Amino acid sequence: MLEKVIEVDHLRQTYDGRNFVVDDVSFYVSKGEIYGLLGKNGAGKTTTIRTMTTILPVHYGKVRILGMDVSENAERIRKRIGVVLQNESFDFASVERNLKVYGMLWDVPREVLKARIEEVLEVFDLSSLRKVRAMELSGGQKKRLQVAREFLHDMDLLFLDEPTVGLDPIMRRSVLNYIRDKARKGLTVLYTTQIMEEADYLCDRIAIMNKGKIVAEGTSSDLKAKYGDLKTIHVIISGELDYNSLKVKFPEDVIVDNDEIRIVSKNVEDILPDLIIYLKARGIRIERISVEESSLDDVFLKVVS
Amino acid sequence: MIPPSLRLTARNLIINTDPGTLLFLIGLPSFYLIVLGLMFQALIPNVFFEGHSISYAQFLSPGVVAMQPFIAGSIGGSMLWSDRRWGMFEQLLVGPFHRIDYLLGIIYVSMIFSVGGAMLMFLVSYLLTGFVIHYVVNIILIILVLLVSSILFTSLFLVLSVFIRTIQTYNTVTMFIFFILDFASSAFYPINTRTPIGLRIISYANPLTYIVDSVRDMMFASLNRSDLIYVMIVVVLSALFFIFAALSYRKAKI
């Protein structure tokens, strides 16, 4: 049996003593695994991460990281983990100096640090920016610096809280591949994102959080299989649509986003003709229509709604 | 392996040693010493101090030396503030350190700035007045007083930076405290029976007065019992402020 690197057992966290932002959450992550924690804003992902990384005390439940209780061994745990926080963070210095100082903070031997700095500058495409002050970088470049510096030091477990926000698709893929490569070499990763494709591509297992609870957990294929009898109707329309009456007519999971309607259902064959008639009767023009198999996005929407 | 607090100290030194900081640390006291010291000499040719007649510039020298921990402390407080502003405070709290290491990292840098700045002030004073301290033991004692004072003032400014949300407010409050502590102390003039009673009370409630008086005695006179009391007051205040800073820092919002 694989060693458990993260064990969260009935964790409950509250900021005001009444409302629980994390409510009875339990999961584990094994060594070398990439575990995705998904959820919309305010689902409790960041609070869970902040608890696991020892920033917040455990209010109720148990959290063990690398076999140690976070309430008793915070300092020992912090020496063996890496954390890329959601909020940007950097020193008021050049990219290169940021990396050097960060490596020094982690007591990385000078020669090793020199080589690793060159490696991450290359991998994260920061070489041409090495002399630029961090505060002058764009949002995506700052994020790259933030992720890059975490790979300067040795660690057993890496927490990545939405690390690809602001990255272009090429850099995003490159970062994901780099993380995957590190995981193959034994690094355990806890990854949060709101981009389902990323989770699908990267994560060995996924947990979906909603309102402080884990509402679904498994591999991407497991989740698709579990909710896989669902299909999604995508309709692009032009014209004014009364969302409430649509919701009454089709009580399945309907999402309207500007001129796009998405209905996730088991019975698309029954719904589709009715939907077309419904829209035509209201003078709404159908620009495009398609039916797709469920993606992780659809699973997420289904589970969270 | 280098202790974590020293790694944080090195980081703070690297990140915060910029021309603006150095100008604030050295420029302002140098200005006081050179401009006020020389200008007021026309008005106050000599000051009678502990049986010696010294020039006003010489009288002012301990004042600007004793200001160094205060200025270094305010720089220390701004380090915490900017770490919170740029997200590094939270990042460092998930790093390989104990929480107290972060505080010590700032206090140690303030001590370095304080003693380094004081040495430069001694140099400026020497160039201006030709005065040198003759006893090594006095120099060591002055350094010890400056180190302890650095804890006091850095703690004070750390408390402020925990509770103050904007850098504008932080700077305004710092300048306000700076003026009160500087001018309601014995840095620029002796506090004696001719000083109005109200101002005398304020001056003796001001820790800078004890620091200036003890440094002045260590520079120009022989040490006496009152210096020991002054140093004890500074030590006790430093300990109290450090405890207060540590408690406030635990409440610091990330």
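Predicted model: local features only at pLDDT ≥ 70, side-chain atom pairs only at ≥ 80, totals over all residues.

Visitor: Okay. How many helices and strands does chain A have?

Guide: Chain A has 11 helices and 14 strands.

Visitor: And what box do its C-alpha atoms fill?

Guide: Taken along the principal axes, the C-alpha atoms of chain A fill a box of roughly 70 × 45 × 40 Å. Of the 305 residues in chain A, 50% are buried. Chain A also exposes about 14300 Å², and carbon and sulfur atoms supply 47% of that area.

Visitor: What about contacts along the chain?

Guide: Take contacts in chain A between residues at least 6 apart in sequence: 69% of them join residues at least 24 apart.

Visitor: Let's talk sheets. What order do the strands have in the open sheet of six?

Guide: The order is β6-β7-β8-β3-β9-β10 in chain A, and the pairing is mixed. At the edges you find β6 (81-84) and β10 (213-218) of chain A, each pairing on one side only. Direction ignored, neighbouring strands are turned by 15° against each other on average.

Visitor: Which way does β3(A) pair with β8(A), parallel or antiparallel?

Guide: Strand β3 (residues 34-39) and strand β8 (residues 188-193) of chain A pair in the parallel sense, over five bridges. In β8(A), Ile34(A) has Val189(A) as its bridge partner, while Tyr35(A) stands opposite Leu190(A).

Visitor: And how many bridges join β3(A) to β9(A)?

Guide: Five bridges, and those two strands run parallel. In β9(A), Met209(A) is the bridge partner of Gly39(A).

Visitor: New topic: helices touching each other. How do α4 and α6 of chain A cross?

Guide: The axes of α4 (residues 110-123) and α6 (residues 169-184) of chain A come within 11 Å and cross at roughly 140°. α4(A) and α6(A) are therefore oblique to each other; to count as roughly antiparallel, the angle would have to be over 145 degrees.

Visitor: Which residues make the contact?

Guide: From α4(A) it's Glu119(A), Val120(A) and Val123(A), and from α6(A) it's Met171(A), Ser174(A), Tyr178(A) and Lys182(A). By class, that contact has four nonpolar, one polar and two charged residues.

Visitor: What about Glu96(A), is it buried or exposed?

Guide: Glu96(A) counts as buried, because its relative accessibility is 11% and the cut-off for buried is under 20%. Glu96(A) is in helix α3 (residues 95-105) of chain A. Leaving out residues up to four places away in sequence, Glu96(A) touches Arg130(A) and Lys131(A).

Visitor: Which way does Thr54(A) go, positive or negative?

Guide: Positive: phi of Thr54(A) is near 75°. Thr54(A) is found in the loop between α1 (45-52) and β4 (60-65) of chain A, and at 9% relative accessibility it counts as buried. Asp107(A), which is not a glycine, has a positive phi of about 60° as well. Asp107(A) lies in the loop between α3 and α4 of chain A and counts as partly exposed, at 26% relative accessibility.

Visitor: Last stop, chain B. What do β1(B) and β2(B) form?

Guide: They form a hairpin with two residues between them, and Glu50(B) in the turn has a positive phi of about 50°. β1 (residues 46-49) and β2 (residues 52-55) of chain B pair in the antiparallel sense over four bridges, with Phe48(B) opposite Ser53(B).

Visitor: And which residues are on the covered face of β1(B)?

Guide: Val47(B) and Phe49(B) are on the covered face, whereas Asn46(B) and Phe48(B) are on the uncovered one.

Key: Residues numbered from 1 in each chain as written. Chains lettered and ligands numbered in written order. Heavy atoms only, no water. Axes fitted to C-alpha atoms, helices over the stretch in contact; angles between N-to-C directions. Parallel < 35°, antiparallel > 145°, perpendicular 65-115°, else oblique. Contact = heavy atoms within 4.5 Å. Nonpolar A, V, L, I, M, F, W, Y, C, P; charged D, E, K, R; others polar. Pairing = 2+ DSSP bridges. Buried < 20%, exposed > 50% of the residue type's maximum accessible area, 1.4 Å probe, protein only. Areas by Shrake-Rupley, 256 points an atom, 1.4 Å probe, with all protein chains shown as cover.
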